[in-house]
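Please look at the sequence and the structure shown below.

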Amino acid sequence: MTEPETAMAVDSDVTANGPEGGILDWDAVDWRQVEEDVRRLRQRIFAASQAGDLKKVRNLQKLMLRSRANALLSVRRVTELNAGRATAGVDGKTVTLSRDKAEWASWAQLRSRSWTPKPVRRVHIPKAGGKQRPLGIPVIADRMLQAIAVSALEPEWEARFEPKSYGFRPGRGCHDAIEAIFNTVSGKNPQRRWILDADLAAAFDRIDHDHILAQIGTFPARELVVKWLKSGVVEKGWLTPTEEGTPQGGLCAAEHNPPYEQCWVMRSAGLPGLVGAGSASERCA
């Protein structure tokens, strides 16, 4: 099955959040309700993970992967909210029209099961020190499916992460890490008077695929994750296989390099109380 070739017609009497398979008027979607539906299901996944009920986690994740609300929100995230929404992958496609977004949401929810991920397009952006950071831009279909998978995978891991890790986490950012550091080192009798600044060299480029797959275990979209990891990179017309690493640029990139890596650094140093903060700019969009 390929991605939608043409946008579907939209009737005047459509409903925004009707039964699965119904024709959708994108501009009439109740986004507050859609966001609430996804939030509640994420909370259920989080609670089940926190309770150690893996069977329930997997069942709820299957619901999330099939959820119409999640498909709608994921398409909106990729086509309207993300900074890279106008950046095309190797197929040169972007999505701007409402009727096209409606068709993509339907495809992502109902007709994407046999989709084969495409290679990412390599681009380079400047970074500090005159160096360049390589990004891998997935095609629009893969970005949508990655957003759907992230909503299912992220709450499971949020329940397990260290309370003082801040990199790549929803609702957390650099200012939260700064506040935590200030609270740790301020006062007359601070817990510590020093800060450890550490970096995992080329973490995205070298992270082991087997390690990632071992971490996600029996995640229902595991096979799709495998295909994303092995989809390859196209640069200057040449396709390079990806045997290790995850390209920075996709929505799943940060999920492949989550705060448990930061926690590993903390524990290896015997410092579980440290604050961990990754570079939020690397969570593309």
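**A guided reading of the model**

At a relative accessibility of 4%, Val 225 counts as buried, where buried means under 20% relative accessible area, exposed means over 50%, and partly exposed lies in between (1.4 Å probe, protein chains only). The model is a predicted one, in which local features need pLDDT of at least 70 and side-chain atom pairs count only at pLDDT 80 or more, while totals for chains, interfaces and linings use all residues. Residues are numbered from 1 along each chain as its sequence is written, and side-chain values use heavy atoms, with hydrogens and water left out.

Val 225 belongs to helix H9, residues 222-229. Helices (H or I, at least four residues) and strands (E, at least two) are DSSP runs, numbered from the N terminus. The C-alpha atom of Val 225 is separated by 9.9 Å from that of His 209, and the two residues are 16 residues apart along the chain. His 209 lies in helix H8 and, at 3% relative accessibility, counts as buried. What does the side chain of His 209 reach? It reaches the backbone oxygen of Gly 245, at 2.8 Å.

Asp 208 counts as partly exposed because its relative accessibility is 40%. Together with Asp 205, Asp 210 and Glu 244, Asp 208 forms a patch of negative charge on the surface. Such a patch is made of residues with over 30% relative accessible area and no salt bridge; like charges are joined within 9 Å, and nonpolar side chains (Val, Leu, Ile, Met, Phe, Trp, Tyr) within 5 Å.

Side chains of opposite charge can pair when their charged atoms come close. A salt bridge is defined as a side-chain nitrogen of Lys or Arg within 4 Å of a carboxyl oxygen of Asp or Glu. A search of the whole structure finds twelve salt bridges.

One of them joins the side chains of Arg 39 and Glu 36, at 2.5 Å from N to O. Because these two residues are three residues apart in helix H1 (residues 31-50), about one helical turn separates Arg 39 and Glu 36. Arg 39 is partly exposed at 37% relative accessibility, and Glu 36 is partly exposed at 25%.

Another salt bridge links the side chains of Arg 76 and Glu 80, with 3.4 Å from N to O. Both residues lie in helix H3 (residues 68-81), four residues apart, about one turn of the helix. Is Arg 76 buried or exposed? With a relative accessibility of 17%, Arg 76 counts as buried, whereas Glu 80, at 27%, counts as partly exposed.

Arg 169 forms a salt bridge with Glu 158, and the closest N and O atoms are 3.0 Å apart. Arg 169 lies in the loop between helix H5 (140-158) and helix H6 (174-185), and Glu 158 lies in helix H5, so the pair ties together parts that are eleven residues apart in sequence. Both Arg 169 and Glu 158 are buried. Elsewhere, salt bridges that share partners join Glu 35, Arg 76, Glu 80 and Lys 101 into one network.

Finally, the backbone deserves a look. Most residues other than glycine have a negative phi. Lys 236, although not a glycine, has a positive phi of about 55 degrees. Lys 236 lies in the loop between strand S3 (233-235) and strand S4 (238-240), and its relative accessibility of 78% makes it exposed.

Key
Areas by Shrake-Rupley, 256 points an atom, 1.4 Å probe, with all protein chains shown as cover. Lys, Arg positive; Asp, Glu negative; His and termini not counted. Charge placed at Lys NZ, Arg CZ, Asp CG, Glu CD. Polar contact = N/O pair within 3.5 Å; in protein donor to acceptor, adjacent residues only side chain to side chain.
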